[in-house]
Amino acid sequence: AERIGIVASDKMTKTVTVRVDRLVKHPVYRKYVKKRKKFMAHDELGAKTGDKVRIQETRPLSARKRWRVVEILHRAEL
């Protein structure tokens, strides 16, 4: 599985927290609701907070890491 998200935190060594947003239609009210989930991802590329990245599912790398950063799609402006 692959997802695209924004790096929310890069404070850990070789690990980033990636926030993935998606729109889901509410079953009763038929309105689109924004859902948000955070993934811990292994990062060898050096992604910073605010970067748009593609993450890919992989084997368990630690207690909470099951994803890795495949590529950095867009760098954040400072």
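These numbered points cover the nonpolar core and the salt bridges of a predicted model.

1. Start with the core. The largest nonpolar core has 12 residues. They are V7, V16, V18, V20, F39, A41, A47, V53, I55, W67, V69 and I72. Four strands each supply at least two residues of this core: β2 (15–25), β3 (32–42), β4 (52–57) and β5 (67–74). In soluble globular proteins, nonpolar side chains tend to be buried together.

2. Look next at W67, one of the core residues. What does W67 touch, leaving aside residues up to four places away in sequence? Its contacts are A1, R3, F39, M40, A41, H42, I55, Q56, E57, T58 and L61.

3. Turn to charged pairs. How many salt bridges does the structure hold? There are 6.

4. D21 has a salt bridge with R19, at 3.4 Å from N to O. R19 is partly exposed, with a relative accessible area of 25%. D21 is also in the partly exposed class, at 34%.

5. R36 lies in strand β3 and D21 in strand β2, so the pair ties together parts that are 15 residues apart in sequence. Is R36 buried or exposed? At 55% relative accessibility, R36 counts as exposed, because the cut-off for that class is over 50%.

6. R75 and D51 form a further salt bridge, with closest N and O atoms 3.4 Å apart. This pair links distant parts of the chain. R75 sits in the segment after β5. D51 sits in the loop between β3 and β4. The two residues are 24 residues apart.

7. Check the accessibility of both partners in that pair. R75 is partly exposed, with a relative accessible area of 46%. D51 has 2% relative accessibility and counts as buried. Buried means under 20%, so D51 falls in that class.

8. One last item is a network. Which residues does it link? E2, R54 and E71 are joined through salt bridges. Find these three in the structure above when reading the charged pairs.

Definitions and conventions:
Residues numbered from 1 in each chain as written. Predicted model: local features only at pLDDT ≥ 70, side-chain atom pairs only at ≥ 80, totals over all residues. Heavy atoms only, no water. Core = buried A, V, L, I, M, F, W, Y, C linked by side-chain atoms within 4.5 Å. Buried < 20%, exposed > 50% of the residue type's maximum accessible area, 1.4 Å probe, protein only. Contact = heavy atoms within 4.5 Å. Salt bridge = Lys/Arg side-chain N within 4 Å of Asp/Glu carboxyl O.
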